[in-house]
Amino acid sequence: MKVILITISKGLIARNLLQNDFYVLLKKHFSKVVVLTTAASDQRFINEFKADNVSIIPLPKVKDSFIGKFIANINRYIIYNDGTEMLTGHNFENRKGIKFICWRFKHMVIRLIFQPLSKIKTLRKILQKIDYLSLHHEAVLQYRMLIKKYQPNIVFATNIMDETEAVLLKAARREKVFSLAMAKSWDNLSKKYFRARADKLAVWNQFMF
């Protein structure tokens, strides 16, 4: 029996993955499709995507600790590029006086620190290791229980930038279940680093590869 556990946390992801032939092939290829979704109580979602071999269950919520939020903020800037420049330095022209000075100072400090740090790839791996070993123990345990219950052959996290799905990938790794992940949109990977690794990462285009 072949089982896949797949996350659907956003309407955009449901549109991209469920409202087309991908979902048809998924139901055909796997004996059981377990959909972990934020829309598990939405009757419209259930009516549209239910099937004999599909189980639709709630996507557990994950509460981040102070350290977790700190690492998430670092991940936002550890991939420093033109997009990060725009996010940290945007809207200067609409700020005046002390607000402009503070905003400009913050932008310069972030650039001074993270522009060189973004070139150290080992630092990203260290942050992931800290995240994997030190954070979300209770949430990982909850996901491990789900994995043990449904016994998937593959875990597919469709929004790797989301902290909740990062926890799922941690649980899959601990349970030694093969994991696949993707970013919900083509530009996500250029905006921040992801907190957990998957065995394989699906990308939207050659540039992301």
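**Entry 1: a charge and a ring.** I started with Lys 2. Lys 2 lies over the face of Phe 30. I noted 5.8 Å from the ring centre of Phe 30. The model is predicted, so I log each value as computed from it.

**Entry 2: aromatic pairs.** Next I looked for rings that pair. How many aromatic pairs does the structure hold? I found three. I then took up Tyr 23 and Phe 49. Their ring centres are 5.8 Å apart, and their planes stand at 85°. That angle is over 60 degrees, so I logged the pair as edge-to-face.

**Entry 3: where the pair sits.** Which helices do Tyr 23 and Phe 49 lie in? I placed Tyr 23 in helix α2, residues 21–29. Phe 49 belongs to helix α3, residues 43–49. The pair therefore ties together parts that are 26 residues apart in sequence.

**Entry 4: buried or exposed?** I checked both residues against the cut-off for buried, under 20% relative accessible area. Tyr 23 has 3% relative accessibility, so I count Tyr 23 as buried. Phe 49 comes to 5%, so Phe 49 is buried too.

**Entry 5: the cluster.** I followed the ring pairs onward. They link Tyr 23, Phe 45 and Phe 49 into a cluster.

**Entry 6: the whole protein.** I listed nine helices and six strands. Of the 209 residues, 45% are buried. The accessible surface comes to about 12500 Å². Carbon and sulfur atoms account for 59% of that surface. I also looked up contacts between residues at least 6 apart in sequence; 65% of these join residues at least 24 apart.

How values were computed. Residues are numbered from 1 along each chain as its sequence is written. This is a predicted model: local features need pLDDT of at least 70, side-chain atom pairs count only at pLDDT 80 or more; totals for chains, interfaces and linings use all residues. Side-chain values use heavy atoms; hydrogens and water are left out. Helices (H or I, at least four residues) and strands (E, at least two) are DSSP runs, numbered from the N terminus. Buried means under 20% relative accessible area, exposed over 50%, partly exposed in between (1.4 Å probe, protein chains only). Contact means heavy atoms within 4.5 Å. Accessible areas come from the Shrake-Rupley method with a 1.4 Å probe; for residues, only the protein chains shown count as cover. Rings of Phe, Tyr and Trp (its six-membered ring) pair if their centres lie within 6.5 Å; planes under 30 degrees apart count as stacked, over 60 as edge-to-face and the rest as tilted. A charge sits over a ring if NZ of Lys or CZ of Arg is within 6 Å of the ring centre and within 35 degrees of the ring normal.
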